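Colleague: Could you take me through this protein? I would like to begin with a term that will be needed along the way.

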Amino acid sequence: MSNKGLKSYTSNLDFNLGGITGHVNLFKADANLILQIPILNTAGFSTINLSLIYNKQNFRKSSYFGNGFQLNYFNKLIYNDSSITLENSDGSSDVYTKDDSKYILADSDLSIEKNILYNDEEGSSETTYSVLDPLKNCLMFSEDYPLYFPKEIFMKNGENLTLSETDSYFLIDNNNNNTVYLYKTYDKVTSIVWKNGSTEVMNA
């Protein structure tokens, strides 16, 4: 049984229940239930739209958010010389194959570019992978960071999100005075704090 996630080419029965959006894949071979659960939306430029996605096919798969659940910003990149696999937050996977200087996803306009950024002053380098659409919206992963979420998200309109991790929390920063902290205990996220500047807007 393949995991199509929220792919647009699947036939879904959609419903809404108390703000939660549900999708039922009607194909027997790919039968699945996916729930999108909104958590918060910041206001203004570079909005942080946080939600959890539950994928019934992944009900045995553990994550920081519970079995079968994943944060919408958490896409995992797996690299080898001939291909790159992107495990999407909705539970589906895309395999990009090498084509000259980049990696392409068949039957789509998506590509991944691998770059090595050199810092001559520090004598260091950083290997990045940029997932690009035709409009140049970009998910940028870095080998200096965990590859289960992008280091930065760039939008064509200039909006930009930065993601990072410490021992005690994940941080999403919109570089415009809004930050979201996802505090973790061992291998589970236990609380979420949204701050506007130094003002705490939400603590859940």
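This is a predicted model: local features need pLDDT of at least 70, side-chain atom pairs count only at pLDDT 80 or more; totals for chains, interfaces and linings use all residues.

Colleague: Then are Phe-74 and Phe-170 buried or exposed?

Modeller: Both Phe-74 and Phe-170 are buried. Their rings form an edge-to-face aromatic pair, with 5.1 Å from centre to centre and 80 degrees between the planes.

Colleague: Which parts of the chain does that pair tie together?

Modeller: Phe-74 belongs to the loop between strand 5 and strand 6, while Phe-170 belongs to strand 15, so the pair ties together parts 96 residues apart in sequence. Ring pairs also link these two with Tyr-64, Phe-65, Tyr-148 and Phe-149 into a cluster.

Colleague: How many aromatic pairs does the structure hold?

Modeller: There are 14 aromatic pairs. One of them joins Tyr-169 and Tyr-183, again edge-to-face, at 5.5 Å centre to centre and 65 degrees between the planes. Tyr-169 is in strand 15 and Tyr-183 in strand 16, so this pair ties together parts 14 residues apart in sequence. Tyr-183 counts as partly exposed because its relative accessibility is 27%.

Colleague: And Tyr-186, is that one buried or exposed?

Modeller: Tyr-186 has a relative accessible area of 78%, and is therefore exposed. Tyr-186 sits in the loop between strand 16 and strand 17. Its C-alpha atom is 9.0 Å from that of Tyr-64, although the two residues are 122 apart along the chain.

Colleague: Let us turn to the core. Which residues have the most contacts inside the largest nonpolar core?

Modeller: They are Leu-50, Leu-71, Tyr-73, Ile-172, Val-180 and Leu-182, in a core of 19 residues. Strands 4, 14, 15, 16 and 17 each give two or more residues to this core. The largest share, three residues, comes from strand 17.

Colleague: What is Leu-50 in contact with, beyond its neighbours within four places in sequence?

Modeller: Its contacts include Pro-38, Ile-39, Leu-71, Tyr-73, Ile-172, Val-180 and Ile-192. A second, separate core has 10 residues, among them Leu-77, Ile-84, Tyr-103 and Tyr-129.

Colleague: One last topic: what volume does the second largest pocket have?

Modeller: Its volume is about 450 Å³. The pocket is lined by 20 residues, and Lys-61, Ser-62, Ser-63, Gln-70 and Glu-87 lie nearest its centre. Strand 4 and strand 5 each give two or more residues to the lining. By class, the lining has six nonpolar, 11 polar and three charged residues.

Definitions and conventions. Residues are numbered from 1 along each chain as its sequence is written. Side-chain values use heavy atoms; hydrogens and water are left out. A nonpolar core is a set of buried Ala, Val, Leu, Ile, Met, Phe, Trp, Tyr and Cys residues joined through side-chain atoms within 4.5 Å. Buried means under 20% relative accessible area, exposed over 50%, partly exposed in between (1.4 Å probe, protein chains only). Helices (H or I, at least four residues) and strands (E, at least two) are DSSP runs, numbered from the N terminus. Contact means heavy atoms within 4.5 Å. On a 1 Å grid over the protein atoms alone, a cavity is a set of points where a 1.4 Å probe fits but cannot get out, and a pocket is an open set with protein on both sides within 12 Å along at least five of seven lines; lining residues have an atom within 4 Å of a point. Grid points are joined across faces, edges and corners, and a volume is the space filled by probe spheres set on the points. Ala, Val, Leu, Ile, Met, Phe, Trp, Tyr, Cys and Pro count as nonpolar, Asp, Glu, Lys and Arg as charged, and the others, Gly among them, as polar. Rings of Phe, Tyr and Trp (its six-membered ring) pair if their centres lie within 6.5 Å; planes under 30 degrees apart count as stacked, over 60 as edge-to-face and the rest as tilted.
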